[in-house]
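Subject: Handover of a model with its ligand

Dear colleague,

I am passing on the structure below, together with some notes on what was found in it. Please look through it before you read on.

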Amino acid sequence: MENIRIVLVETSHGGNIGAVARAMKNMCLEELALVQPKQFPTEEAMARASGADDILHEASIHHSLDEAVADCVLVVGTSARLRSVSWPQLNPRECAELVMQRSATGKVALVFGRERTGLTNAELERCNYLVNIPANPDYSSLNLGMAVQVISYELMMQSQQGRQPVTEDRDLAKAGDMQGLFRHLEQALEDIGFLDPRKSDKLMRRLKRLFYRAEPDLDELKILRGILSAAQGRKSARRE
Ligand code: SAH
């Protein structure tokens, strides 16, 4: 459980951050990362944390989602509405299984969105998978603290199943490495005249999905970047 990080993006209410800390501590999670919180720290956050204030004191604060998840081998985004999104999806139980496996090899992030608007499409596309808590289709949006509670409860249940089989002994690329690959890929495709920068979004989304599905390791990423550099007419891989 110590490799699992809960990431909250631009939370508006300090009280919700406190409720998240409490939900986390109840379920043996410790690591909280806040991306541009609107109010933090606040008295309300401390009050709602009710005894889980150690998690608030140790929370890290970040300027961007990229920064908060750069070192993670798996990033899972949560969303109240997923039907129209064409990204790999998990239910909370499948999510817990995968997260517990991957957290045996490195840091894993579970990302939660803004109270009113959730996560943006760009943020969802930074995730390897998306998870949705099944709910009333006409009223599917849970309070942030409640959503964290449900997801962490599944993690807790999964962790009690005993030792997780380690299915990955490769050195998986981290979120920051993948963003580097995507920037390089987009630039290389533009350089070789394959991509029209004005219409690049759809193609890049498809390619990102493909590379996330492949779960490349660091050696494979190096090869890919070498190929891109060669296609660009450069001898060695450029640094982003
Ligand atoms: N109107 C927003 C709701 C945001 S609720 C939307 O449609 O996305 C705030 C956050 O709580 C969400 O970004 C998500 O992280 C989490 N959340 C709420 N309900 C959820 C659900 N049913 N499944 C998964 N996450 C949920």
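The notes below turn to the ligand, then to the backbone, and then to two further residues.

This is a predicted model, in which local features need pLDDT of at least 70 and side-chain atom pairs count only at pLDDT 80 or more, while totals for chains, interfaces and linings use all residues. Residues are numbered from 1 along each chain as its sequence is written, and side-chain values use heavy atoms, with hydrogens and water left out.

The ligand sits in the largest pocket. Here a pocket is an open set of points on a 1 Å grid over the protein atoms alone, where a 1.4 Å probe fits, with protein on both sides within 12 Å along at least five of seven lines, and a molecule sits in it if more than half of its atoms lie within 2 Å of its grid points.

On the backbone, most residues other than glycine have a negative phi, and most peptide bonds are trans. The bond from Phe40 to Pro41, however, is cis, with omega near -5°, and Pro41 belongs to the loop between strand 2 (31–35) and helix 2 (43–49). Gln36, in the loop between strand 2 and helix 2, has a positive phi of about 40° although it is not a glycine. Glu215, in the loop between helix 9 (200–214) and helix 10, has a positive phi of about 45° and is not a glycine either.

Gln232 follows helix 10 (218–231) and counts as buried because its relative accessibility is 15%, where buried means under 20%, exposed over 50% and partly exposed in between (1.4 Å probe, protein chains only). Asn3, in the segment before strand 1 (4–9), counts as partly exposed, at 23%.

Best regards

Key
Helices (H or I, at least four residues) and strands (E, at least two) are DSSP runs, numbered from the N terminus. On a 1 Å grid over the protein atoms alone, a cavity is a set of points where a 1.4 Å probe fits but cannot get out, and a pocket is an open set with protein on both sides within 12 Å along at least five of seven lines; lining residues have an atom within 4 Å of a point.
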